[in-house]
Amino acid sequence: MRVRARAYGSAVAAAALILAACGGDDGDDTAAEQEPETTEEGDATEEPAGEPSGDPIVIGSTLSLTGAFAPTGVIHQIVGEQFVEQLNANGGLLGRPVEWRLLDDESDTAQITPLYERLINQDQVDLVLGPYATPNIIPAVAVAERAGYVLPHHTAIHAPLLSYGCQFPGWSMDPQPDEYTSRLLFDLLASLPEPPSTIALVTNESGSTQPMTQGFEGGGGMAGIAAEYDLEVVAELPYPPGNQEWSSIATQLRDADPDVVINNGLGVDPVGIIEGMEQLDYRPGLFFSLFPAPGPLLGLGEAAEGALSVSLFEPNEPLLEQYGDEVRAITEDFSQRAEAAGLPYTAFETQATASWNTWEILTRGVEGAGTLENQDVCDYLVENGVETTFNGQLTFDPEVNNFWDSNVGIKQIQDGEWVMVWPEDRAAAEIVPPEN
Amino acid sequence: MSIAQALITGAMLGGMYAMMAVGLSVSWGMLRVINLAHFGLILLGAYGTYQLATSWSINPIVTIVITAPLMFLLGAALQWIYDRTGLTEFTSLLVSFGVLIIIVQLVHNVWTADFRRIDPAVNTYGTKSWFVGSFVFPYPRLIAFVFGVVVIVGAWVLLQRTFVGRALRAFAEDRDMAAAYGIHHRRLGMLLAGASGATAAIAGMLWAMSFTLVPDAPFEWIGIVFAVVILGGIGQVLGTLAAGLLVGALYNLAAVLWEATASLLVVFVAIVLALLLRPEGLFVRRAGSGRRRFWARRGRAGQPESSPEREVTAR
Amino acid sequence: MMRRGLIGFPLVLLALAALAVFQDTLGVSLYYITVLATLFFWVAQATSWNILSGYSGYFSFGQGAFVGVGVYTTAVLTSKHDWNFFLTLPVAAVLSTLLALGIGAVAFRVGAFRGATFALLTLAVPFILASVARLTSAIDGGQGVSVPVPELPEPLGFQQFLYLVMLVIAIVAVAAAYAIQHSRFGWALAAIRDNEDVAEALGVATFRWKMLAIAVTGAIGGVAGSAWALQFGFVQVEVIFGLTVPLLVIVMSVLGGRTYWLGPVLGATVIVLVEDRLAGGGYESWRPIIFGGLLALMVIFAPEGLWAQLRARPLLTGAVGAATLLVVFVAGIGDVLDRIVLTMLVTGVAAFWPLRLLPARLRRSAAAPPTPVADAPASEPASPEPKAEVVDALATDVAVSKSGQDAPLAIECRGLARHYGGVRALDGLDLQIRQGELVGLIGPNGSGKTTLVNLLSGAVRPTRGSIHVAGRDVTRLAPHAINHAGVARTYQIPRPFESMTLHDNVAMAIMFGRKPDSLARARERATEYLAFVGLKQHAASRPADINLHQRQLLEMARALATDPKVLFLDESLAGLNPAEIDNAVEVVRRIHTSGVTIVIVEHLLRVVNLLAERVIVLNRGRLLADGDTQTVMRDPAVVDVYLGKSGRTVPANDAGGEHA
């Protein structure tokens with residue numbers, strides 16, 4: 001029995017590895033197409049502008065499909081698939097069909113460089129797109145720079161760190177993100193009927209959030225700028241990424257009792273903080289979280305009502321009317337795909353918008369330049385900028401590392417939904433001020 | 001925040017850690033298997049609780065009626081595999097690591113990588129607390145603590161008082177001798193592994209009640225849980241509970257007195273110091289202590305072992 | 001032999017370097033260069049980890065700490081202080097070596113830090129470092145640190161540069177592992193792995209060797225981490241100090257084979273290449289499942305590691321491997337890496353495939369007899385030497401004299417005591433043993449005999465009192481130092497080094513004993529000692545293959561090989577039948593005649609009567625009697641203690657042969 005088990009096991013192992021080896025059997029041809037999981041080809045809502053024909057253009061990128069960043073990575077995956085399908089339904093790129101070669105970087109920064117080298121040098125993709133999350137985007141930019149490829153990316157907002165002239169952000173919070181965000185929020189606070197005077201800063205000690213509190217080169221950041229708005233910082237509470245224990249922070253918040261709790265955090269940090277405060281029967285007047293995962297906060301129900309965050313776009317009815325049918329169609333399509341993929345939260349919001357911007361930057365840049373030569377595309381983009389569906393005309397100034405003037409706004413949870421409330425000219429509803 | 005409150009909240013958190021650690025500790029100490037897949041079972045238990053609570057609005061605590069037996073079977077099945085393939089301690093570490101990776105990916109495939117949280121309408125404990133004077137006992141923590149204590153103390157009582165428990169301890173000490181006395185090691189091993197699995201299901205339920213779920217969660221747990229296991233003495237059930245409470249209390253205390261970022265630093269430095277003082281583990285009896293001392297004073301011959309150090313595990 | 005082997009490494013280095021430098025001309029895709037650079041990193045990590053943990057058995061979970069130190073040293077120095085990248089490499093090496101020595105100083109000093117507690121200690125270090133880095137803004141402060149690309153020497157591209165740096169580090173690492181394994185260092189580590197206490201008692205300075213091992217591990221791990229920082233571009237604490245590196249290096253080394261220098265290389269190659277193929281294969285949802293399953297299967301079917309599996313059937317696997325390689329290259333399946341992976345797995349299956357399913361002829365040629373771990377030619381003794389010559393050859397420079405009052409003191413104890421809590425195992429013992437004596441040490445159970453032997457050999461420290469060996473105070477010395485002072489002992493239950501042959505067991509003792517020697521010469525001398533106890537014909541066997549009596553003889557030979565002045569035989573005749581006892585007595589006599597002072601702890605009074613001129617009796621930690629054999633044996637107090645008061649009617653005599 002033992003003998004046969006070993007033989008059987010060896011055969012299974014052999015079969016598995018053979019499968020793996022043959023699966024990677026790309027040789028010199030361009031890679032196998034990434035089939036979108038949810039819908040079939042040609043499922044467009046409009047008439048095709050002309051069937052794309054010829055050799056496919058291959059766009060390569062990696063995303064965190066597994067690992068720590070996966071909850072957001074999967075959103076970008078769906079958006080990408082949606083965009084490519086829509087593109088192909090409308091005549092493709094330069095008249096040719098587009099294929100997206102997507103690899104999983106497992107949220108492992110060390111894998112980014114090899115994977116992008118593979119895409120560029122082995123699979124020889126025509127164009128590349130950035131991965132998800134700042135620590136991953138930076139090495140990808142380095143690879144693109146070495147190979148002379150254009151790299152649009154959707155979530156690195158840290159302008160000072162990105163000096164390659166041909167990287168293009170799909171999401172900008174201004175060349176000085178810490179200043180922009182601070183003023184955005186503090187302006188909003190100042191506009192309230194009873195402007196708050198004390199704030200607490202609860203900060204995730206990680207590269208994307210910590211500079212928002214402390215500033216990039218020291219000074220600046222919310223801690224530094226608060227004084228300008230006569231805001232007193234009554235508590236500064238840093239915590240490590242991945243922290244799950246919020247009781248001590250919640251207690252200190254309760255004791256400090258600020259008018260506004262500002263959580264420069266990520267993912268489900270705000271959920272833990274709010275829950276911790278609820279357990280103490282404490283609710284601050286206002287709660288702001290910088291980069292939360294949007295769904296889980298809504299899941300908190302009443303406790304999270306009134307919470308604020310930043311946003312590029314929210315699918316609120318007034319905004320959809322303002323933007324038009326095309327945008328509406330996009331958001332609905334996304335929601336369907338997200339539901340089919342089993343995601344609990346299916347709204348097309350900031351992350352998806354950033355992703356959409358990025359794809360548009362790349363494809364419209366190519367269309368505009370009329371060629372796949374990366375240098376020409378780069379030059380075109382820098383010279384002409386690009387028109388995007390969600391963010392209007394973007395201009396790229398190499399002096400500020402191509403970071404366009406941000407129009408990021410602020411959203412608020414109202415009746416269990418995220419609603420854009422600031423700035424007033426792009427708001428879907430008025431902000432609900434804190435109860436007294 | 002008063003130090004007393006910090007200690008209380010921390011100790012309750014420690015109850016959760018102890019709950020996660022006890023199954024691992026027992027398999028390691030008694031079955032000589034370092035079962036990393038235990039974390040996979042906790043994960044499955046957590047997602048199981050989430051799913052039952054979400055699809056059928058079952059109270060999370062009640063879900064263990066379903067998840068615990070399931071994890072019992074899975075734990076026993078895994079032990080059967082480890083046994084048939086004749087693994088040593090270290091090879092079991094690697095094989096169970098492979099199993100853990102598989103479980104994490106399966107969870108990922110079924111429930112996607114996105115965050116999952118039990119609806120507060122179903123999980124009514126999430127945001128409530130029990131207030132006693134100026135002290136706060138958040139319900140999820142309190143429940144975790146109570147479960148931890150009850151299950152672990154119960155396990156200890158079972159191991160000390162029942163025949164099965166004694167058989168397990170004999171089996172842990174000397175497998176061959178126990179076999180000579182008719183103790184069927186395979187069945188006993190599966191029973192023990194199954195029980196570990198059941199505790200994993202409970203730990204998973206406690207986790208799902210208190211936190212947001214992601215498939216990758218096990219890799220966050222490994223560090224602290226291993227620390228609790230080794231600190232408490234491998235295979236020592238009560239020691240694991242004590243170690244868990246200690247680690248939790250220390251973790252919280254550090255967050256309050258210093259800052260949250262420093263918690264892990266303090267905990268692990270404390271662990272290093274503790275190991276320096278008591279290298280066998282904090283709660284392990286040294287050879288030549290206790291009972292031996294008692295008899296020696298009464299003149300009974302009892303040659304103590306020639307070296308006082310007790311090797312916790314063979315290399 | 002080692003020198004010949006080491007020459008191979010620079011050659012390999014040059015060949016592989018050429019691959020990158022002439023990458024264009026050779027038509028090697030830049031991507032392969034990238035994959036190989038990653039492979040070299042993991043080879044360096046796994047190999048360096050293995051030097052401590054595989055060779056010595058101290059499983060460390062802290063490899064991530066060394067890598068982290070390396071990464072952050074380079075990152076901080078290059079980006080915050082504008083250092084040249086190459087200068088950061090030695091700094092990283094120094095820092096991680098210091099860290100390693102620090103860990104070692106703490107962990108190895110305390111004897112009980114073994115197994116799990118050592119693992120926990122090393123697991124704690126990365127967590128501590130991570131927190132420190134996060135809390136200190138000069139290092140990271142939570143913001144992360146970017147790593148600028150260094151000035152690249154023309155005409156190298158970035159990937160080629162990284163490849164070359166990693167290549168050099170990897171070659172150095174593997175060469176070091178090779179050199180260590182074939183040197184005294186490696187033997188010391190192997191002995192520590194098998195049985196540290198015994199090794200220490202045989203003269204191996206275990207602390208020193210372990211410190212050296214962990215220092216090497218730290219240095220290589222740190223430097224490799226330093227170079228790896230370039231791969232990241234942007235480093236963050238949680239990414240660098242995570243569990244990935246520690247777990248993967250363990251997987252690679254154990255998979256490949258822990259006791260052999262090539263093992264980690266094999267393991268790293270398999271894992272990195274398989275992962276690479278899976279990554280490009282488009283199996284996102286299945287990739288970790290396939291990987292986890294493969295890992296589990298490989299470990300189950302090759303618990304000793306792939307290398308041992310391949311080693312067991314070199315012909316079969318070699319043939320299959322070559323054939324597969326030919327087939328896949330001719331058929332042009334996939335690309336180069338696919339073919340390599342395919343060949344590896346088919347060879348692997350051939351290695352695991354149970355022999356019973358093969359036809360008989362293939363079976364015989366396939367399996368080779370198990371070879372010893374390190375390849376060194378066994379020395380050829382010319383002919384079995386007659387006893388008299390052996391005795392002469394082994395005569396020590398100590399004058400052999402019958403027990404006379406003028407013989408110098410071999411052992412002197414004053415007020416020696418050992419307490420275990422409230423138990424007084426030994427309670428104030430004064431003892432003198434002169435050179436050339438053959439003393440019996442007897443006493444009922446619990447009287448303190450084994451404690452005394454443990455004290456005198458250094459396994460245990462006395463609570464009070466002093467010990468002098470040949471006039472030298474050895475009370476506070478480490479066991480190996482006491483061994484070098486001239487004390488050797490055997491163990492009640494024989495504790496040979498199971499992974500070594502009998503020959504090597506004895507050679508070990510010579511290599512590290514009082515008159516240390518090189519491996520080759522030690523092996524020659526070992527043959528003589530084996531012949532002395534009558535075990536020469538079993539020299540190539542493993543301890544597992546011989547019986548109890550032979551194992552006890554091995555113990556004696558091994559202890560003898562350290563060239564002691566005093567030899568303690570701790571119940572070396574337990575469990576033997578009468579014929580074996582007679583043989584053993586003969587051997588002991590021979591040892592005594594060759595000039596070694598012997599103290600024999602025994603329960604067999606017959607044997608004590610036969611051998612010892614003087615007998616020491618202990619009872620309850622105190623000296624009960626001390627004198628010539630006949631007198632002591634008839635002492636009523638002694639008889640009392642052994643047989644009880646009623647025993648007084650039965651005279652103790654030789655013919656009885658009673659056990660106590």
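**Close-up views of the predicted model**

View 1. Two residues are in contact if their C-beta atoms, placed from the backbone, lie within 7 Å. Helices (H or I, at least four residues) and strands (E, at least two) are DSSP runs, numbered from the N terminus.

**View 2. Where the domains of chain A lie.** Domain 1 covers 29-175 + 347-400 of chain A, and domain 2 covers 177-316 + 409-426. These bounds come from an automatic or database domain assignment. The C-alpha centres of domain 1 of chain A and domain 2 of chain A are 30 Å apart.

**View 3. Contact between chain A and chain B.** Chain A gives 39 residues to the contact and chain B gives 32 residues. On the side of chain A that touches chain B, at least two residues come from each of α2, β7 (232-239), α8 (247-256), α9 (269-279) and α10 (294-298) of chain A. The most, six residues, come from α8(A).

**Notes.** Residues are numbered from 1 along each chain as its sequence is written, and chains are lettered from A and ligands numbered from 1 in the order in which they are written. Local features need pLDDT of at least 70 and side-chain atom pairs count only at pLDDT 80 or more, while totals for chains, interfaces and linings use all residues.
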